[in-house]
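I opened this notebook to record what I looked up, one topic at a time.

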Amino acid sequence: MGEFNELNHIHLDILKEIGNIGAGNAATSLSNLLDKKVEMSVPVVNIVSFDEMMEQAGGSEDVQAAVFVQMMGATSGSMFFVLDPEDADQFVSLLIGEPGSSILDEGDNEIAVSAFVELGNILTGSYLRALSDFTQLNVYQSVPTVSIDMVGAMLSQGLLQTSMVSDQVIMIETLLHDVEGTKSDIRGHFFLLPDPDAFTTIFKALGVNDHE
Amino acid sequence: MIMSNIAELIKVGIADLNLVKAPQTIITSGLGSCVGVVLYDERRQIAGLIHLMLPDSSLSRTKDFKPGKFADTGIDKMLNMLKDHGANNRGLKAKIAGGAQMFNITSSNEMMRIGPRNVEAVQQILTDYKIPIISSDVGGNKGRTIEFSPEDSRLKIRTVHEGVTYI
């Protein structure tokens with residue numbers, strides 16, 4: 001599907017539902033892991049230019065912590081879990097039970113970083129498992145990797161396949177927030193960027209023609 | 001395209017390109033695997049910047065695309081724009097930055113090492129055009145924001161963990 005403007009409201013609702021069940025499953029996993037309540041927002045599906053996507057993620061120079069995985073198997077795409085480095089530190093502190101842990105600490109951050117990778121692994125894994133169950137497509141994920149850098153530099157990795165087909169990208173965004181027991185409101189964003197061919201596969205799997 | 005004599009900053013987005021004349025400066029932010037290519041005419045103080053994503057336009061599955069997305073079409077388009085604005089193509093020089101691998105994934109997916117491939121493509125094309133690369137800051141695993149001033153031909157590079165350098 002090269003022309004994203006062929007998507008109608010049924011398609012958009014399906015993509016929203018993917019964001020909903022994916023992030024919902026991830027929120028449940030996180031809640032079980034931390035034994036705390038976790039809220040999530042209504043998913044947003046945006047068809048935006050590459051620059052607009054970076055703006056929505058906070059601006060391409062904004063420094064964020066990101067976990068990146070590739071979705072592979074019956075369909076493909078890129079998935080990011082993105083949050084402020086300070087919020088990542090709060091997660092990590094909760095997870096390893098040591099307040100003040102930081103993924104930014106020079107030298108002594110190995111445990112914090114591996115805890116953050118594990119957090120990302122659980123969250124993206126739960127999200128994609130829900131997607132897989134919902135679509136009945138056999139989807140798995142690559143080993144997660146982490147980067148703390150400019151948003152534009154990191155998210156552009158997820159745009160490469162799309163850029164061969166279009167100047168716009170479909171971004172399925174869901175927000176996790178209000179994690180119980182944290183000092184400030186942690187906000188973590190899921191960005192799912194299906195590859196261009198993934199849309200046809202997903203719609204077909206759900207019995208919806210991609211040209212209604 | 002904006003060409004005026006007011007000192008200002010022109011922004012170039014992803015897969016885009018533009019041109020400035022001193023005292024204007026030109027900037028692009030958040031280069032990861034993308035490469036920023038500056039082509040400049042020192043004497044006329046005119047410079048173009050491309051924020052390219054991919055090495056070759058043969059990768060495109062559509063005929064209609066932004067030329068700045070690919071190394072070959074981006075550089076071709078920029079050379080024409082520079083010529084139209086009076087630059088002497090034989091006097092052009094280049095500075096390049098970017099081409100990082102932001103995520104350390106060992107994968108059969110060739111898109112994971114697109115940064116180095118972008119850099120190789122740019123180097124090859126500039127060699128073919130006999131445009132010397134005066135300086136470059138490429139590779140690694142860091143994001144870069146770059147700003148070029150045609151007035152003194154300096155390329156400012158900002159990274160998150162290493163601060164600001166000039167090449």
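How many residues does the contact take from chain B and from chain A? I noted that the contact takes 34 residues from chain B and 32 residues from chain A, where contact means heavy atoms within 4.5 Å.

Before going on, I wrote down that this is a predicted model, in which local features need pLDDT of at least 70 and side-chain atom pairs count only at pLDDT 80 or more, while totals for chains, interfaces and linings use all residues. Residues are numbered from 1 along each chain as its sequence is written, chains are lettered from A and ligands numbered from 1 in the order in which they are written, and side-chain values use heavy atoms, with hydrogens and water left out.

**Interface.** I found that about 2,800 Å² is buried between chain B and chain A, with 58% of it on carbon and sulfur atoms; buried area here is the accessible area (1.4 Å probe) that two parts lose on being put together, summed over both. Of the area that chain B buries against chain A, B:Ile14, B:Arg61 and B:Phe103 supply 24%, more than any other three residues.

**A:Ser163.** I then turned to A:Ser163, which is found in helix 6 (residues 160–163) of chain A; helices (H or I, at least four residues) and strands (E, at least two) are DSSP runs, numbered from the N terminus. A:Ser163 has 0% relative accessibility and therefore counts as buried (buried means under 20% relative accessible area, exposed over 50%, partly exposed in between, with a 1.4 Å probe and protein chains only). Not counting residues up to four places away in sequence, A:Ser163 touches A:Phe50 as well as B:Met53, B:Leu54 and B:Lys69.

**A:Ser49.** In strand 2 (residues 44–49) of chain A I looked up A:Ser49, which is partly exposed at a relative accessible area of 22%. A:Ser49 touches A:Asp167 and A:Gln168, leaving aside residues up to four places away in sequence; from A:Ser49 to A:Asp167 the C-alpha to C-alpha separation is 6.1 Å, although the two are 118 residues apart in sequence.

**A:Asp89.** Is A:Asp89 buried or exposed? With a relative accessible area of 13%, A:Asp89 is buried, and this residue lies in helix 3 (residues 85–96) of chain A. Its contacts, not counting residues up to four places away in sequence, are A:Ser101, A:Ser102, A:Ile103 and A:Leu104.
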